[in-house]
Amino acid sequence: VAELATIPGFAERVRYFSIGNEVDVHLQSFPGAVAPWTSFTTFCEQVVPQVKALLPRAKVGVNWTFHGIGTFPQAWKGMVGACDALFVNYYAVDPPEVNPAAPYQVRGVEAYKQDSAEILALPSGGIDKPIVLQEVGMPTDTVLGGSPSAQAELEKHLFELWDAAG
């Protein structure tokens, strides 16, 4: 970040900066181990202020998957405590542990409508921070259980929801 911040105009233009992408996916690969989770939480607490010093206009955070937020809520809340925003990736699919035979089975319209409402409700319980949807979508390939029309329906719903939520 320090090198990037020296580029003329960079610090003024960056509005959002994620210090990790889908960290829950990586950290859950250490079943039963607490140290990786607490180490990354400490890393966030130390790095977020440093990034803020270099990019004062930016909202800084760490990216989690929507599934990971629901699976590890205490770890998520602890980790985002030092952050300015809630960075979330959302895919309208069942995660592999839900359906190992078809690891990316597309969820139905009602399921992602419910998920959308839960995403918008994330800034609650003392974590009143803006939401940054870093990645949103579903497979468009029929081999993965999706389709271009299903992806379009998801996107249409999400934009309607965001418009309604202001």
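A: N63 is buried, its relative accessible area being 0%, where buried stands for under 20% relative accessible area, exposed for over 50% and partly exposed for what lies in between, with a 1.4 Å probe and protein chains only. This is a predicted model, in which local features need pLDDT of at least 70 and side-chain atom pairs count only at pLDDT 80 or more, while totals for chains, interfaces and linings use all residues. Residues are numbered from 1 along each chain as its sequence is written, and side-chain values use heavy atoms, with hydrogens and water left out.

N63 belongs to strand 3 (residues 63-65); strands (E, at least two residues) and helices (H or I, at least four) are DSSP runs, numbered from the N terminus. If neighbours within four places in sequence are set aside, N63 is in contact with several residues, among them S18, G20, N21, E22, F87 and Q134, contact being heavy atoms within 4.5 Å.

E22 sits in the loop between strand 1 (16-18) and helix 3, and at 21% relative accessibility E22 counts as partly exposed. Most residues other than glycine have a negative phi. E22, although not a glycine, has a positive phi of about 50°.

W64 also touches E22, and its contacts beyond four places in sequence include V23, W37, W76, M79 and F87. In the largest nonpolar core, which has 37 residues, W64 is among those that touch the most other members, together with I19, V62, W76 and M79. Such a core is a set of buried Ala, Val, Leu, Ile, Met, Phe, Trp, Tyr and Cys residues joined through side-chain atoms within 4.5 Å. Helix 3 (23-27), helix 4 (35-54), helix 5, helix 6 (73-80), strand 4, helix 7 and helix 8 each supply at least two residues of this core, and helix 4 gives the largest share, 6 residues.

Helix 7 (residues 109-120) has 12 residues that should span 16 Å at 1.5 Å a residue, and its end C-alpha atoms, 17 Å apart, agree with this; the expected span is 1.5 Å times one less than the number of residues. In this helix A111, Y112, D115, S116 and I119 are buried. Seen down the axis of helix 7, these buried residues fall within an arc of 140°, so they line one face, the arc being that of the directions from the helix axis to the C-beta atoms. They pack against helix 5 (66-71), strand 4 (86-91), strand 5 (131-137) and helix 8 (148-165).

Y112 lies in helix 7 and is buried, at 2% relative accessibility. Its contacts beyond four places in sequence include Y90, A150, L154 and H157. Y112 and L154 are 42 residues apart along the chain, yet their C-alpha atoms are separated by 7.6 Å, and a polar atom of the Y112 side chain lies 3.4 Å from the backbone nitrogen of L154.

L154 is one of the buried residues of helix 8, which also include A150, Q151, E155, H157 and L158. These cover an arc of only 160° around the axis, which puts them on the same side of helix 8, and what covers them includes strand 4, helix 7 and strand 5. The face turned away from this buried side carries the exposed residues P148, S149, K156, D163 and A164.

A final point concerns cysteines. A disulfide is a covalent bond between the sulfur atoms of two cysteines. It is taken here as a pair of cysteine sulfur atoms within 2.5 Å, and by this rule the count comes to 0 disulfides. C44 is in no disulfide, the nearest cysteine sulfur, that of C83, being 5.2 Å away, which is too far for a bond. C44 is buried at 0% relative accessibility, and C83 is buried with a relative accessible area of 4%.

Note on methods:
Polar contact = N/O pair within 3.5 Å; in protein donor to acceptor, adjacent residues only side chain to side chain.
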